[in-house]
Amino acid sequence: MAARLIISNGKFKGKEFRLGEGTNLIGRWDPDTGAFPEVDLDDEDEEAKISRKHAAIRKSGSEITIRDIGSLNGTFINRGDRLEEGKEYPLQEGDEVIVGKIFLRLALTE
C-alpha cells in the first residue's frame, strides 16, 4: 500500500510527499543540526513555524502512525487536541495532519 501526504492549503496546495516504509521525519532541512526530513517543509514554511525535527510518521505495511518529537508549535490530527510528545497515534485514509501552518492530508492507494 502506497501512502502520501498532500498539502491541502496555501500556495503549495497539492504538493505530495511519498511515505516510505519505516520512519519518515516531518520537518525542515538543516545540515547543521542533522535534520534531513523525508517530508521537508522548509520551502513551504515561510514563517518557520515547523521545527527542524517536528514529527515522525511510521509506516509498517498498512499500519501508519504519527508522533510529535518535541516540536515547539505542536502536531494535530483532524483539528483535535495537540498530540502528546512521544506518543504514537494511528492515522487513516483522509486524516488531516497539521504542523505549523501547513495542513497535510493522508492519501492511501493500493
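I began with a search of the whole structure, a predicted model, and it turned up 13 salt bridges.

**Entry: β1 to β2.** I looked up arginine 4 and found its side chain in a salt bridge with glutamate 16, at 2.8 Å from N to O. Arginine 4 sits in strand β1 (residues 2-7) and glutamate 16 in strand β2 (residues 16-19), so this pair ties together parts 12 residues apart in sequence.

**Entry: a longer reach.** Next I took lysine 59, whose side chain meets that of glutamate 21 in a salt bridge (2.6 Å, N to O). Lysine 59 belongs to strand β5 (residues 53-60), while glutamate 21 is in the loop between β2 and β3 (22-27), 38 residues apart. Buried or exposed, I wondered about lysine 59? Lysine 59 counts as buried, at 5% relative accessibility; glutamate 21, at 52%, counts as exposed.

Entry: Arginine 28 and aspartate 42 form a salt bridge at 3.9 Å, N to O. I placed arginine 28 in the loop between β3 and β4, and aspartate 42 in the loop between β4 and β5, 14 residues apart. Arginine 28 is buried at 12%, whereas aspartate 42 is partly exposed at 29%. I then found both in a salt-bridge network linking Arg28, Asp30, Asp42, Asp45 and Arg52.

**Entry: the sheet.** Last, I traced an open sheet of five strands with mixed pairing, in the order β4-β3-β5-β6-β8. Strand β6 (residues 63-68) runs antiparallel to β8, joined by two bridges, and I noted threonine 65 opposite proline 90 in β8.

Terms used
Residues numbered from 1 in each chain as written. Predicted model: local features only at pLDDT ≥ 70, side-chain atom pairs only at ≥ 80, totals over all residues. Heavy atoms only, no water. Pairing = 2+ DSSP bridges. Helix = DSSP H or I, 4+ residues; strand = E, 2+ residues; numbered from the N terminus. Salt bridge = Lys/Arg side-chain N within 4 Å of Asp/Glu carboxyl O. Buried < 20%, exposed > 50% of the residue type's maximum accessible area, 1.4 Å probe, protein only.
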